[in-house]
Amino acid sequence: MTEHAETSKLGLWRRLYDGKSFPVFVVVLSLLILWYAGAVYMNSDRLIDQYERGKVEWSWQQLTEDAWSMERPILPAPQQIVVELRKTVLEKKITSKRSLVYHSYVTISSTLVGFALGALLGVLLAVGIVHLETLDRSLMPWIIASQTVPILAIAPMIIVVLGHIGLTGLVPKAIISMYLCFFPITIGMVKGLRSPDVLQLDLMKTYSASAAQVFWKLRMPASIPFLFASLKVAIAISLVGAIVAELPTGAVEGLGARLLAGSYYGQTIQIWSALVAASVLGMLLVWAVTITEKLVLGRTGREAV
């Protein structure tokens, strides 16, 4: 029994080592160790200054404990962020303005609207660029150039212009989100629509296929993997755009508003909890696109990359 138990234990460790769990565990553990050490290092100067002013004798153990429990630390410890997330996610009503669930809902609303608009715009531009040489030569350079403008510079202008014509609230944030996410979709779809080789195109010509038939039966199916690869990038960028769009508006709702309020009042724990919520939200959105990709490609007999 002992030898069998030892063999089973070794087999378990071998499976963990060969699989994905063990590397992920090692990376997470290493990040946590560095995080805790960084919290002590970043917060130590302020604490030591307080000790010296109060003429308090201190030890490294006391310094470490105080560094991990400061009310307004420069770098909060992980457990402080967990406590803040528990308070703002589990202990607050969803409709409360202090609930991260409520603020996440506000941000994800503009994210999804902007993503939908960006996907539609990106696909339409890609179709036009592939089928019209004039658009390929004239429009593509402008599409690339549009992404060289910092979003923090253009976001206030978009908000002011749209506000002047009466468009406020969700619409300006969705437009800024769309502005960021349409680019990877356009580039990916152009690459995908052009992915069929010459022999496949010549075969369609021998069948006397029309341009619409070539598009729907050859180009479009070939572009699906490229489209979903672009959508995964675009949905994450769309979330970033929605958060950035909330900053210049002085918004009181959304994850961007939580970041802004935290920076105003020096609430670093609030800032970090909003960042963690945004990262989790981004992972969920990318996961949703990945699941959709598997379902769509499964129906076509392909496997998701």
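Of the protein's 305 residues, 38% count as buried, meaning under 20% relative accessible area with a 1.4 Å probe and protein chains only, while over 50% is exposed and anything in between is partly exposed. Keep in mind that this is a predicted model, where local features need pLDDT of at least 70, side-chain atom pairs count only at pLDDT 80 or more, and totals for chains, interfaces and linings use all residues. Residues are numbered from 1 along each chain as its sequence is written, and side-chain values use heavy atoms, with hydrogens and water left out.

On to the fold: there are 13 helices and zero strands. Helices here are DSSP runs of H or I with at least four residues, strands are E runs of at least two, and numbering starts from the N terminus.

What about overall dimensions? The C-alpha trace spans about 90 × 75 × 35 Å along its principal axes. The radius of gyration is 26 Å, whereas a compact globule of 305 residues would be near 19 Å; this value is taken over C-alpha atoms, and the globule rule is 2.2 Å times the number of residues to the power 0.38.

Now for contacts, which means heavy atoms within 4.5 Å. Among those between residues at least 6 apart in sequence, 72% join residues at least 24 apart.

Thr268 is buried because its relative accessible area is 17%. Setting aside neighbours within four places in sequence, Thr268 touches Arg72, Pro73, Ile74 and Pro76.
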